[in-house]
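Hello,

Here is the structure I promised to pass on. Please open it first, and then read my notes below.

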Amino acid sequence: MKAITWEKKDLLGLEDLSKEEIELILSTAESFKEVSTRDIKKVPALRGKTVLNLFYEPSTRTRVSFEVAAKRLSADVINIAVESSSVKKGETLVDTGRNIQALKADIVVVRHGSSGAPAMLAQHLDISVVNAGDGWHEHPTQALLDIFTLKEKIGHIEGLKVAIVGDIAHSRVARSNIWGLTKLGAKVTVCAPALIIPPAMEELGVVVTNNIDEAIEEADAVNVLRMQFERDSETAFPNHLAYFKEFGITEERLKKAKKDIIVMHPGPINRGIEISSEVADGPSSVILEQVTNGIAVRMAVLFLVAQGQEIKK
Amino acid sequence: MKAITWEKKDLLGLEDLSKEEIELILSTAESFKEVSTRDIKKVPALRGKTVLNLFYEPSTRTRVSFEVAAKRLSADVINIAVESSSVKKGETLVDTGRNIQALKADIVVVRHGSSGAPAMLAQHLDISVVNAGDGWHEHPTQALLDIFTLKEKIGHIEGLKVAIVGDIAHSRVARSNIWGLTKLGAKVTVCAPALIIPPAMEELGVVVTNNIDEAIEEADAVNVLRMQFERDSETAFPNHLAYFKEFGITEERLKKAKKDIIVMHPGPINRGIEISSEVADGPSSVILEQVTNGIAVRMAVLFLVAQGQEIKK
Amino acid sequence: MKAITWEKKDLLGLEDLSKEEIELILSTAESFKEVSTRDIKKVPALRGKTVLNLFYEPSTRTRVSFEVAAKRLSADVINIAVESSSVKKGETLVDTGRNIQALKADIVVVRHGSSGAPAMLAQHLDISVVNAGDGWHEHPTQALLDIFTLKEKIGHIEGLKVAIVGDIAHSRVARSNIWGLTKLGAKVTVCAPALIIPPAMEELGVVVTNNIDEAIEEADAVNVLRMQFERDSETAFPNHLAYFKEFGITEERLKKAKKDIIVMHPGPINRGIEISSEVADGPSSVILEQVTNGIAVRMAVLFLVAQGQEIKK
């Protein structure tokens with residue numbers, strides 16, 4: 001791998017990144033992972049910097065992961081939860097961003113319901129913007145931690161076969177994983193009920209199927225997405241049990257897969273809906289390691305974008 | 001007192017603790033109390049540790065007290081307020097706990113509506129769990145700060161007569177106080193309207209009465225619990241005034257008690273319901289000292305469980 | 001300017017301050033402003049101190065500004081958002097304040113819907129109270145940052161002509177600006193629809209008009225207040241457009257004003273209601289500089305009241 005320097009002030013998505021940039025994040029995360037195993041889990045890398053979590057959608061998991069990551073880098077962290085009710089009468093997103101910049105914050109981590117919101121913010125600001133999930137578009141740090149976990153477990157990404165199963169249509173996690181994995185040379189199969197597979201999915205360079213056994217047959221890893229029945233009435237599945245029967249990842253189903261297949265899930269898991277408890281808690285599962293790696297990956301991202309911002313100046 | 005070392009990774013309740021362990025917390029709190037009187041109110045005891053407040057019930061008082069305590073120990077603090085609405089569709093408590101552990105948090109402080117929730121969490125996790133109040137079960141740090149305050153005021157607990165007055169049935173504070181006080185050799189009388197005294201209360205080693213004057217007659221201290229009329233329609237009291245007349249702690253009532261009786265209350269106080277303003281603000285009251293001591297006691301608990309966790313490893 | 005020392009433990013409003021005290025805050029803010037331009041934006045001035053934000057009204061902007069300011073001074077910050085629903089059954093404001101004092105917090109920053117709430121708190125507490133906006137009374141740090149910005153831009157306040165336009169009746173920002181500006185020798189004109197100008201406004205030493213062109217004709221600066229149509233049905237304006245037409249600050253309107261007029265707004269701005277986008281983003285606007293200066297001013301206030309508290313002891 002040729003030595004490159006991170007030069008971007010933002011992390012908006014994996015579609016925008018080169019293979020080398022993704023690899024730089026992964027190797028930086030590797031060196032930060034050790035920090036969380038120390039007795040004093042702290043490095044002064046971002047001391048005196050202000051990281052602001054701006055969440056237009058509630059997501060305790062992602063917010064907490066970024067908050068822990070920033071604090072382990074010694075940054076000051078400010079949380080803003082914008083309630084949807086106050087968005088209407090409030091200022092525009094860009095005005096909010098400009099105000100945050102005027103506070104001399106260094107990095108704004110934004111979760112937003114609209115695809116492209118972080119990118120728009122990044123265009124208007126000189127400070128760093130990190131996308132913590134935007135609409136159905138991307139959730140780059142989730143994909144990066146998935147890929148980091150895969151690489152840590154298997155040693156490489158090139159040539160891996162990864163199945164992504166579940167609500168592909170509405171999943172920014174799926175999209176970011178597809179961009180990241182294919183750039184690093186993995187082969188991706190996506191699998192979901194026919195009705196919720198978006199058209200033209202193949203154009204992203206993935207194989208599409210609605211047969212779960214086929215999807216995981218030769219897979220080195222399966223990334224199981226959360227089914228959100230509460231918002232998807234169009235999934236054509238009358239109930240959880242029907243989905244579990246046809247797409248749920250169970251021990252029985254895994255018997256037909258590779259013996260050392262890795263099972264991932266971005267969490268929170270729905271036990272007995274998209275994954276059985278036996279699998280979630282079993283030896284194939286790396287679900288909790290993903291959470292641990294999320295801290296390292298987010299430390300790396302915060303560190304790199306702060307560095308990129310300096311170069312831009 | 002023989003020198004003992006704290007060896008538990010958790011603080012779940014006072015029922016589980018030996019007399020020596022309770023005394024160790026009290027003496028540790030004593031040494032931490034001085035920190036909050038310094039110009040720079042901070043010691044590096046938990047620097048680089050992550051303390052996570054996981055509150056399934058809103059309790060600003062307890063959350064803030066733990067947050068201040070953790071920050072004075074130089075820990076990083078993360079607050080999670082779980083709304084009851086999101087519990088239903090969310091992950092299980094144990095899965096949430098495992099995720100927190102995967103973040104490499106060191107201590108999770110949990111407030112939960114169900115008795116035993118912190119204990120269940122503690123069983124499944126290697127990190128420390130501190131009970132910040134669970135259902136009607138225990139609220140150990142509240143009782144510890146009550147006992148700390150008593151000891152500070154009177155010099156000893158052994159042989160003290162303590163009356164606990166109010167909503168005994170629904171009070172985790174009462175239960176934790178009973179366990180702690182009786183272990184340290186105090187004599188406890190509980191007093192409440194007959195209809196809300198739970199059956200078999202005597203089995204905890206306390207005297208039960210519904211006559212308030214009898215309860216406080218020989219008491220060295222009275223711990224006045226908050227009446228929560230909003231959730232207890234079964235208290236058989238038609239209104240606040242009726243309760244105040246029969247059970248409220250007033251100057252007149254205290255005239256029949258020991259001259260130097262100590263009046264405690266876990267707060268927030270209902271002036272004119274369970275206690276008169278004159279008493280709450282009068283010379284017998286140690287209510288605000290309890291709040292101050294809460295910081296010292298929680299610093300001690302956080303410090304000791306972190307130490308216990310190290311020993312367990 | 002004669003050298004004075006800050007001797008107040010609180011900042012409750014600009015009505016209470018002398019010219020010299022206001023100037024001391026401004027010059028202290030000047031020296032703190034540089035901190036936010038450093039690579040490590042932090043000074044140890046309040047290390048080991050606890051600043052508690054107690055907000056009875058939601059105000060993300062003001063809370064975040066105080067939080068950033070306190071953290072740049074190395075203080076520990078605790079946020080308490082009191083929901084209006086819980087105020088009724090909760091403890092009194094003074095009891096809450098006494099509890100905060102008992103936690104050994106050093107400074108409580110309070111936002112409250114009732115005029116005089118911070119002053120009442122300050123009377124009952126030995127710790128510092130900073131008014132972050134109370135009812136229709138005062139919002140002193142907002143006015144201080146407005147005045148700081150003016151002084152930074154123009155070099156002096158004495159003799160300046162400042163127009164304050166908008167919802168004067170319900171604006172604590174207007175009142176604090178009037179007190180501060182007149183004390184420093186500026187001439188203030190207030191301008192609003194006739195029906196919402198409170199009676200006896202002239203007694204504050206300002207010129208009152210409902211003609212916007214007249215108001216800004218000779219002004220060195222115009223401070224545009226937010227119109228809050230959602231709560232003011234009595235504004236007598238059928239809709240936003242009608243207000244914008246008659247009172248909105250537009251480029252066309254500014255052509256009749258001084259060429260180098262400064263346009264201020266406390267934010268969040270309503271584009272196309274009280275101000276046009278062209279003006280808000282144009283060369284006359286110092287709106288974002290106000291936000292930046294808010295950090296410096298609040299750092300100064302927190303620093304000075306902590307010092308004043310020491311002197312009081």
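A word on terms before the findings: two residues are in contact if their C-beta atoms, placed from the backbone, lie within 7 Å. Helices (H or I, at least four residues) and strands (E, at least two) are DSSP runs, numbered from the N terminus.

This is a predicted model, in which local features need pLDDT of at least 70, side-chain atom pairs count only at pLDDT 80 or more, and totals for chains, interfaces and linings use all residues. Residues are numbered from 1 along each chain as its sequence is written, while chains are lettered from A and ligands numbered from 1 in the order in which they are written.

On confidence, the predictor gives the complex an ipTM of 0.94 and a pTM of 0.96.

Now to helix H5 of chain C, residues 117-124. C:Ala117, C:Pro118, C:Leu121 and C:Ala122 are buried there (20 or more other C-beta atoms lie within 10 Å of a buried residue's own, with C-beta atoms placed from the backbone). Seen down the axis of H5(C), these buried residues fall within an arc of 135 degrees, taken from the directions from the helix axis to the C-beta atoms, so they line one face of the helix. Their cover includes H4, strand S3 (107-112) and strand S4 (128-134) of chain C.

Finally, the contact between chains C and B takes 15 residues from chain C and 20 residues from chain B. On chain C's side, H4(C) gives the most, with four residues.

Best wishes

Conventions. Buried ≥ 20, exposed ≤ 12 C-beta atoms within 10 Å, placed from the backbone.
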